[in-house]
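Here is a short report on how two chains meet. Look over the sequence and the model, then read on.

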Amino acid sequence: MNLRNISLFLVIFALLILVGFVQSWSVAFQLLSFCLISAVMALGVNIQWGYAGLFSVGTMGFVALGGLATVITSMPPVKEAWAAGGVRVLVALLFAGAVIVGATQIYKRMKPGRNRALVLTLELIAGFFIYRALFDPAVSAIEAVNPAGTGYLGGLGLPVLVSWLVGGLLAAGVAWVIGKVSLGLRSDYLAIATLGIAEIIIAVLKNEDWLARGVKNVNGIPRPWPVPYEISLQKSTAFIDFAQRFGLNPVDASSYTVKVLYSVLFAIVLMIVLWMSQKALTSPWGRMMRAIRDNEEAAEAMGKDVTHRHLQVFVIGSAVLGIAGAMMTSLDGLMTPGTYNPLRFTFLIWVMVIVGGSGNNWGSVLGGFLIWFLWIEVEPIGRWLLDVLTSPMPNDYWLRIHLLNSAAHMRLLTMGLILLLVLRFWPKGLIPEK
Amino acid sequence: MVDILNALVVLANFVLVPALAYGSQLALGALGITLIYGILRFSNFAHGDTMAFGTMIVILATWWMQKAGVSIAPLPTALLALPIGIAVTAIVVLLTDRAVYRFYRKVKAAPIIFVMASLGVMFIMNGLVRFIIGPKEQTFADGARFIITARDFKHMTGLHEGMAIKLSQGITLITAVIVVAALFWFLNRTRTGKSMRAFSDNEDLALLSGINPERVVLIIWIIVAALATIAGTLYGLDKSYKPFTYFQLLLPMFAAAIVGGLGNPLGAIAGGFVISFSEVSVTYAFKRVVTYLVPDSWAPDGLVQLLSTDYKFAVSFSILILVLLFRPTGIFKGQSL
């Protein structure tokens, strides 16, 4: 960290403080929380792309899996639903897994030829129909339990902090399966494949109501351990006294406290992930990864197992993304599969990494902060800019109205422009790799 | 009672005709992707949004014509607006090439850098489209709705089941055939087309024999802009126009291009139909077809649907993965026009 980099970070914090004064502190704290989450996500993508050169654009899928983890760990279990079909669903899923394992075994063990194709097809078709016969009735039984309120299996009722770890593990597990299938593809094929996987994960989350209520959303996900609810703070006399000492009214003070506590939690996670990433990058393992990235053939000739290492780094990066996704969902307090959008949850994170400096962890953190800040603030700035630019037009002129109403879409334009400019003029990013 | 004729009609109405139309749209989109890959050698992630942009221009021109009272009823006005859309899109795409891709060609950047630049272009196009026309669904189809309605068909044939063919489906098929024929005529019969194939086959050799690379690139972008606008407009006429759906078409289109062999135009067309037929037939509920084919007592209770429609991405994805694992070059060999 030299003076230049430190001052870059200071600029970001100054911008956040400026938002506090100009807009409101509530907005500023909210921004800070999301900046921290974005930084963790950017670190995850940086591990995949910056360390190993894996062009995986499935980021959104792993973030969403992290969100799913908060639901399945922290929501209270729905006992009636479990009784109605919980075990049957699990059996069906295990059966499906067994069918797939069986298929791969048939493929490996039997000699290539017509017989193998025939046995494989029969096994898969029979397996699929038996699976559906097991799965469908169980699902309708679960979804029939109080569909307006629950209609899903619920979670395990564990603390939310645990769910962040579970988010990482879940994303890592899925990434392992995906990596097994699609790593080793050429770079742009891998991109298309991971883009598709992310869409499939979102489709599963949207449609499998028994799992996390699908598009009916899960609200009221409990908060992580030290973060209280605003209402309970406002009822406590000690807190009201504390607020009055700073000249704040209890409503504002409670909202700030909650947001600051979230930010502290996220900052701790970010620091742990950053510390571990730094250690990994400077270790022999990190050097090996970069060697593989820079010249696969040479690394392979030196006896490095490139595919295995790629799988490893893919899983680790995805785990970080899963943790960040779980953090985000627990900050929101609700799981909304309908809101996952690849522009926001995949490509924006990529912009963060590229702008910050691929391969450099501090760069990714900076990129996460800066790009998230712009993503949110471009809208008010753009509206103001358009307002000024169109001020000579009469207030009810169609173009002025249209432009002001479309200001929200300025952010995509700006992100594209930033990405192109950085790629062209600072291809190494704001904090280049050493 | 076993009734093969009626079963066939149901199948045609709900699977064959829609898949044929959707397949043609995908094929035209995949052609654009595959041509870019063949000449410029990168996967253009901005293609879906280029389609959205071109279609938007067509829609705006259509509205303007509708207001001016221009009409070619019973055909949709959008067909008349198509040339305007193609021209504007071609200009925009050429400007992007000037501003973005040309620099990377000059420094001979790695393909992955091109892909990233195309992500930037994707963002900008997406933003522009949302800025100009908004993210909401737009309707711009006018003219007649059907070539044959289900009722007319029943009247004509006396069958129990009807088959409807939408005008948009008919137009899609005819346009696709014309466009593909013109494209292949251009690539195989004209001097410029031949020089492009030479360039795609072996760049160095083509340069040595005096082919101007910038001219090749210029022409390919114009062709791609035309293909994207036509594909987008046909899709919009047939289904509906919503910018985000066009972005999502990226996956099936890429799958089509890869299944057919990236860089191979014939492959892109075949791939488009492979993807569309699998997507439609896997997500279609075959209950009514089966009911006609088996004796009454065997009639199925369920929908006989393999996957719910929302999993259609899974279909293109699985085909993509299977092809990449077992035949990485695609059904036809990829890599050159």
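## Polar links

Between chain A and chain B the count of salt bridges is zero. Polar contacts do occur: eight residue pairs across the interface of chain A and chain B meet the rule, both residues at pLDDT 80 or more. The model is a predicted one.

## Extent of the interface

On the chain A side, 48 residues are in contact with chain B, and 49 residues of chain B take part. The area buried between the two chains is about 4,300 Å². Carbon and sulfur atoms give 78% of that area.

Which three residues of chain A supply more of its buried area than any other three? They are A:Tyr189, A:Ile192 and A:Arg424, and they supply 15% of what chain A buries against chain B.

## The chain A side

Six helices of chain A each supply at least two residues to the side that touches chain B: α5 (114–143), α6 (160–182), α7 (187–207), α15 (342–356), α17 (398–405) and α18 (410–425). The most comes from α7(A), with 14 residues.

By residue class, this side of chain A divides into 33 nonpolar, nine polar and six charged residues.

## A nonpolar surface patch

Helix α6 of chain A and α14 (312–326) of chain B each supply at least two residues of the patch. A:Val181 has its place in α6 of chain A.

Note on methods:
Residues numbered from 1 in each chain as written. Chains lettered and ligands numbered in written order. Predicted model: local features only at pLDDT ≥ 70, side-chain atom pairs only at ≥ 80, totals over all residues. Heavy atoms only, no water. Contact = heavy atoms within 4.5 Å. Buried area = accessible area lost by both parts, 1.4 Å probe. Salt bridge = Lys/Arg side-chain N within 4 Å of Asp/Glu carboxyl O. Polar contact = N/O pair within 3.5 Å; in protein donor to acceptor, adjacent residues only side chain to side chain. Helix = DSSP H or I, 4+ residues; strand = E, 2+ residues; numbered from the N terminus. Nonpolar A, V, L, I, M, F, W, Y, C, P; charged D, E, K, R; others polar.
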